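Please keep the model open as you read.

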Amino acid sequence: MLIFRNHPELPEPVFPGSHLVMDDRYAYLSGLVAADLPGAEAVIGDVRAETELVMRQVGRLLALAEAEFEDLVRVDVHLVNLSEIEAMDAVYAGFFPGGRFPARTCTESRRLYGGCRVEITCMARRPGRE
Amino acid sequence: MLIFRNHPELPEPVFPGSHLVMDDRYAYLSGLVAADLPGAEAVIGDVRAETELVMRQVGRLLALAEAEFEDLVRVDVHLVNLSEIEAMDAVYAGFFPGGRFPARTCTESRRLYGGCRVEITCMARRPGRE
Amino acid sequence: MLIFRNHPELPEPVFPGSHLVMDDRYAYLSGLVAADLPGAEAVIGDVRAETELVMRQVGRLLALAEAEFEDLVRVDVHLVNLSEIEAMDAVYAGFFPGGRFPARTCTESRRLYGGCRVEITCMARRPGRE
């Protein structure tokens, strides 16, 4: 049985997607951009600040699935300018203080929703679910 | 044991991929573009019509895995022009009348196979498989 | 319990990611480009040679998960020029002599890490793990 959840403190998604889908073992998050989140105005165009806002939201959604950053198995990052990868990574890495990094792919997309610089898609193994 | 299937009513894939791979719990579909499907000539270049053709094919492939649209957990959409997202979504959303939307990421790709406007990649949890 | 592994014969990843993440059933590989691998200098810019180098590395990482190419369920390929798909496929297909091809999506990304022509992201079902 799948569970489709939106975060109770966020606006409904503007697109036909769920913030979070959970099955018996995994949690799947929709691609997150800062433009969809409260506080967007102050950060859009700054890849560091966008990454921070998005990753905090990842943490909130993982919490709904009773998971943490170290339960992420796969992350897909899209940047509008691949040259900003180090700036993005400097923020991104801080969410994994134990160095248990998920498998990751980072590619360049010509344009992202809402004029954002970064979009992040996450998949996690929900702990304790056999 | 993995099962690799192509749809019996379609031409073999032109690329080294299977239309559908199934394991004991999940079904993985190759990225679908209208150019690979019967009826392509009439639709290529119209993102709405391409989306309709592709999503109908998603439904046929899910049926091979004994799954439905509401069993999709993750969908990756690629558009050549992100401005066409609302047009694509208007068609896409119609395949989920119950509003049980999978996690979704939509990005812009400079070019897609066969000159198509949209490509869709799906992953489903096969129901009833513990 | 997740296992985060880097390949013992390779340099540590230059990005905050693991070469390989394993859970009880699946193996997730980070997106691989030739630039991250020994022998890169001789191949960057040649999509065939890059594909060969990357796919050999995929095989080594799958071996760490006790898996083979035929255990791959989903592969995402990114090319900087989609016109090079046939050249890439000619090499890629050779790694699946039995024709058991994973679900695949191939899109165009304007730029890839290290000036590479191709990046490949893989997900495998680890055999014998119920």
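1. Contact here means heavy atoms within 4.5 Å. By that rule, 28 residues of chain A are in contact with 27 residues of chain C.

2. A word on the source: this is a predicted model, where local features need pLDDT of at least 70 and side-chain atom pairs count only at pLDDT 80 or more, while totals for chains, interfaces and linings use all residues. Residues are numbered from 1 along each chain as its sequence is written, chains are lettered from A in the order in which they are written, and side-chain values use heavy atoms, with hydrogens and water left out.

3. Chains A and C bury about 2300 Å² between them, 52% of it on carbon and sulfur atoms. Buried area is the accessible area (1.4 Å probe) that two parts lose on being put together, summed over both.

4. Between chain A and chain C there are five salt bridges (a side-chain nitrogen of Lys or Arg within 4 Å of a carboxyl oxygen of Asp or Glu). One of them joins C:Arg111 to A:Glu108, with the closest N and O atoms 3.2 Å apart.

5. Which element gives the most to the side of chain A that touches chain C? Strand 6 of chain A does, with six residues; strands are DSSP runs (E, at least two residues), numbered from the N terminus.

Technical notes:
Helices (H or I, at least four residues) and strands (E, at least two) are DSSP runs, numbered from the N terminus.
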